[in-house]
Amino acid sequence: MNDDGSHPGAAPQREAEQKKGRPTPKRSQQESVRKQPLVSKDRKVANQRAKEQTRKDRDRARIGMMNGEEQYLTRRDKGPQRRYVRDYIDARFSIGELFIPAAILILVVAFTQPVAIQQYFTYAVWGLLALVILDGVIVNYILKGRLKAKFGTVERGLAFYAIMRSVQIRPLRMPKPQVKRRQYPE
């Protein structure tokens, strides 16, 4: 044996072959090892796997959207100004949150109570609607000032976005509120 561990009379090995103890495989051999069919032989199993993967991806996207992760948000909810509006609306109590429960109460009263009582509830809903509109105007004014101070410009459509979010019942908002009540964004 020689100093490098090879037999006398054998061709000297290249340095790369000495390190790994075997010759480098040809490209055609490596490609044949990596080859996989485009379509699986068992299509039923492949379809089940594809459906399962799609379901997992959809579940991940739904959870990410609910948690407010930027990559999973819809175009309607993306962006730093929209996040600011969401956080501001979620931090405050708005009269609009009472509108949907009040409307459901009105429906129940409309089917169960006499006309005189129905009339009072109808006036109450109109009053509540007027308060919701007034609250929306106030929120719009406050938010525009805060957004101009923080971002310089205000995106189009943020007033409608803020009002629609403030009318929704807090636990049903999507994406879910990321701040607690009275925890206003800076």
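Among contacts in the protein between residues at least 6 apart in sequence, what share joins residues at least 24 apart?

**Figure 1. Overview of the predicted model.** The share is 68%. The protein has 7 helices and 0 strands, so that its elements, read from the N terminus, run α-α-α-α-α-α-α. Of its 186 residues, 24% count as buried. The accessible surface of the protein comes to about 14,200 Å², and carbon and sulfur atoms account for 59% of that area.

**Figure 2. The largest nonpolar core.** Ten residues are listed here by name: Tyr84, Val85, Tyr88, Ile89, Val139, Leu143, Leu147, Leu158, Tyr161 and Ala162. At least two residues of this core come from each of helix 4 (80-91), helix 6 (115-151) and helix 7 (158-167). Helix 4 gives the largest share, 4 residues.

**Figure 3. Packing of helix 4 and helix 6.** The two helices pack at an angle of about 135 degrees, and their axes lie 11 Å apart. Because of this angle, helix 4 is oblique to helix 6. Helix 4 passes helix 6 in a right-handed crossing. On the helix 4 side, the contact is made by Pro80, Gln81, Tyr84, Val85, Tyr88 and Ile89. Helix 6 contributes Val139, Ile142, Leu143, Arg146, Leu147, Lys150 and Phe151.

**Figure 4. Surroundings of Tyr161.** Tyr161 is one of the residues of the largest nonpolar core. With its neighbours within four places in sequence left aside, Tyr161 is in contact with Arg76, Asp77, Arg82, Val85 and Arg86. Of these partners, Val85 is also listed in the core and takes part in the contact between helix 4 and helix 6.

How values were computed
Residues numbered from 1 in each chain as written. Predicted model: local features only at pLDDT ≥ 70, side-chain atom pairs only at ≥ 80, totals over all residues. Heavy atoms only, no water. Core = buried A, V, L, I, M, F, W, Y, C linked by side-chain atoms within 4.5 Å. Buried < 20%, exposed > 50% of the residue type's maximum accessible area, 1.4 Å probe, protein only. Contact = heavy atoms within 4.5 Å. Areas by Shrake-Rupley, 256 points an atom, 1.4 Å probe, with all protein chains shown as cover. Axes fitted to C-alpha atoms, helices over the stretch in contact; angles between N-to-C directions. Parallel < 35°, antiparallel > 145°, perpendicular 65-115°, else oblique. Left-handed = near helix turned anticlockwise from the far one by under 90°.
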